[in-house]
Amino acid sequence: MAVEMRYAYFPGCSASSTGLPYTMSMEYMARQIGLELVEIDDWCCCGTSAARITDSDLGRALPARSLALSELQNPGLDVVAPCAGCYANLKAAVHFARENEENCTHLSGLIELPYEARADVKSLLEIMVQPEMIDAIASKAAASLGGMKLACYYGCAFVRPADVCEFDDPENPSSMERLLQAVGAECIDWSYKTECCGASNQIAVPRQSRGLIARIFENAVANGGEAIVTACPLCWLNLDLREAEINKQEGTSYHIPVYYVTELLALALGATSSESGLDKHFEPAVQYARDKVVTLSEAPSSAEEVSA
């Protein structure tokens, strides 16, 4: 059975702002491997955690509205949500609607749109880690990630709660590792890949939350990581933006690039640093990639050798 290469696409609010490097590199990667992402017309904010905490109906209605629009516009297409927070909210809305007919009818009434929860919601990682997708990336690789030693950081929302997400191991996920190893990277084994970065508490209660970030850097370095890789815009922002502050607060000297997984996959597929968004980081990210990424004329030539 051929792998699906066409999905409805929910960008989320960070796609053109703090998550711009994620969007740029994802779109580059999609073009290179023939993945078609059809943006949902008139999508709205998923509500983030604020809506869910404030009002459970609001927290379900906001993502359900975009899902209902996608059912009308893109019949038969599952929905991809690259942002971890958006994915968690949309996935939770589908899960609630599928529990029973009453829930589905309730959501339809709230949003004043027909909604049957026919389409599933998938994270970008979930579709990219399919064996056929990994093969497509490896076969089109123009460069190897060579000597990169990466700490893959998932955070809280991609694989939890397990009964809702039903994707990867909630304690020891490996999707990013499988993708990055296919293009030559070395991914370390470490203890903090699913620990919380503090999320929006980094703004609300910064003094209490900064230690969460510090421990992530500490454990990544202690286990040989030279860079951190994530697929969550909020995790990326918290780590990348606050690294210098952590150094000042903790007396450390971390200078660890924090990448989106799609940025590194785009580099492997031939993107320049500006095409993949590396020049938009707070902590410099270009030089490490320049030092470690090698063209395939200098590396093993076959996809099998690159992924070994």
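Reader: Where does E166 lie?
Author: In this predicted model, E166 lies in the loop between α8 and α9, the latter covering residues 175-181.

Reader: Is E166 buried or exposed?
Author: Exposed. The relative accessibility of E166 is 65%, and the cut-off for exposed is over 50%.

Reader: What about E112, which phi does that one have?
Author: E112 has a positive phi of about 55 degrees, and E112 is not a glycine either. E112 sits in the loop between α5 and β4.

Reader: And is E112 buried or exposed?
Author: E112 is exposed, with a relative accessible area of 72%.

Reader: Staying with that loop, where is D120?
Author: D120 is in the loop between α5 and β4, where β4 is 121-123.

Reader: Buried or exposed, for D120?
Author: Buried. D120 has a relative accessible area of 17%, and buried means under 20%.

Reader: What does D120 touch?
Author: Leaving out residues up to four places away in sequence, D120 touches D78, V79, K91 and R98.

Reader: Switching to peptide geometry. Which residues does the cis peptide bond join?
Author: R160 and P161, with omega about -5 degrees. P161 is placed in the loop between β6 (149-152) and α8 (162-165).

Reader: Helices next. How far apart are the end C-alpha atoms of α1?
Author: They are 20 Å apart.

Reader: Which residues of α1 are buried?
Author: P21, Y22, T23, S25, M26, Y28, M29, A30 and I33.

Reader: What follows α1?
Author: G34, with a positive phi near 80 degrees.

Reader: At what angle do α1 and α7 cross?
Author: Roughly 85 degrees, and the axes of α1 and α7 (residues 131-140) come within 10 Å. That angle makes α1 roughly perpendicular to α7, since 65 to 115 degrees counts as roughly perpendicular.

Reader: Which residues meet there?
Author: From α1, M29, Q32 and I33; from α7, M133, A136, I137 and K140. M29 and I33 are also among the buried residues of α1.

Reader: How do the residues of that contact divide by class?
Author: The contact of α1 with α7 has 5 nonpolar residues, 1 polar and 1 charged.

Reader: What about α3 and α5, at what angle do they pack?
Author: About 85 degrees, with the axes of α3 (residues 56-73) and α5 (residues 101-111) 9 Å apart. The two helices are therefore roughly perpendicular to each other.

Reader: Which residues make the contact?
Author: On α3, D57, R60, A61, A64, R65 and A68; on α5, H106, L107, L110 and I111. By class, the contact of α3 with α5 holds 6 nonpolar, 1 polar and 3 charged residues.

Reader: Now the open sheet. What is the strand order?
Author: The order is β7-β6-β8-β9, an open sheet of 4 strands with parallel pairing. The edge strands are β7 (186-187) and β9 (258-260), each pairing on one side only.

Reader: How many bridges join β6 to β7?
Author: There are 2 bridges between β6 and β7, and K149 has E186 in β7 as its bridge partner.

Reader: How many join β6 to β8?
Author: 3 bridges join β6 to β8. A151 is bridged to I228 in β8.

Reader: And over how many bridges do β8 and β9 pair?
Author: Strand β8 (residues 227-230) pairs with β9 over 3 bridges, in the parallel sense. V229 has Y259 as its partner in β9, and T230 has Y260.

Reader: Which way do the residues of β8 point?
Author: A227 and V229 point one way from β8, while I228 and T230 point the other way. All of these are buried. In a regular strand the side chains alternate between the two faces of the sheet.

Reader: Which strands does α12 lie across?
Author: Helix α12 (residues 233-250) lies across β8 and β9 and runs at about 155 degrees to β9. Angles over 145 degrees count as roughly antiparallel.

Notes:
Residues numbered from 1 in each chain as written. Predicted model: local features only at pLDDT ≥ 70, side-chain atom pairs only at ≥ 80, totals over all residues. Heavy atoms only, no water. Expected span 1.5 Å × (residues − 1). Buried < 20%, exposed > 50% of the residue type's maximum accessible area, 1.4 Å probe, protein only. Axes fitted to C-alpha atoms, helices over the stretch in contact; angles between N-to-C directions. Parallel < 35°, antiparallel > 145°, perpendicular 65-115°, else oblique. Contact = heavy atoms within 4.5 Å. Nonpolar A, V, L, I, M, F, W, Y, C, P; charged D, E, K, R; others polar. Pairing = 2+ DSSP bridges.
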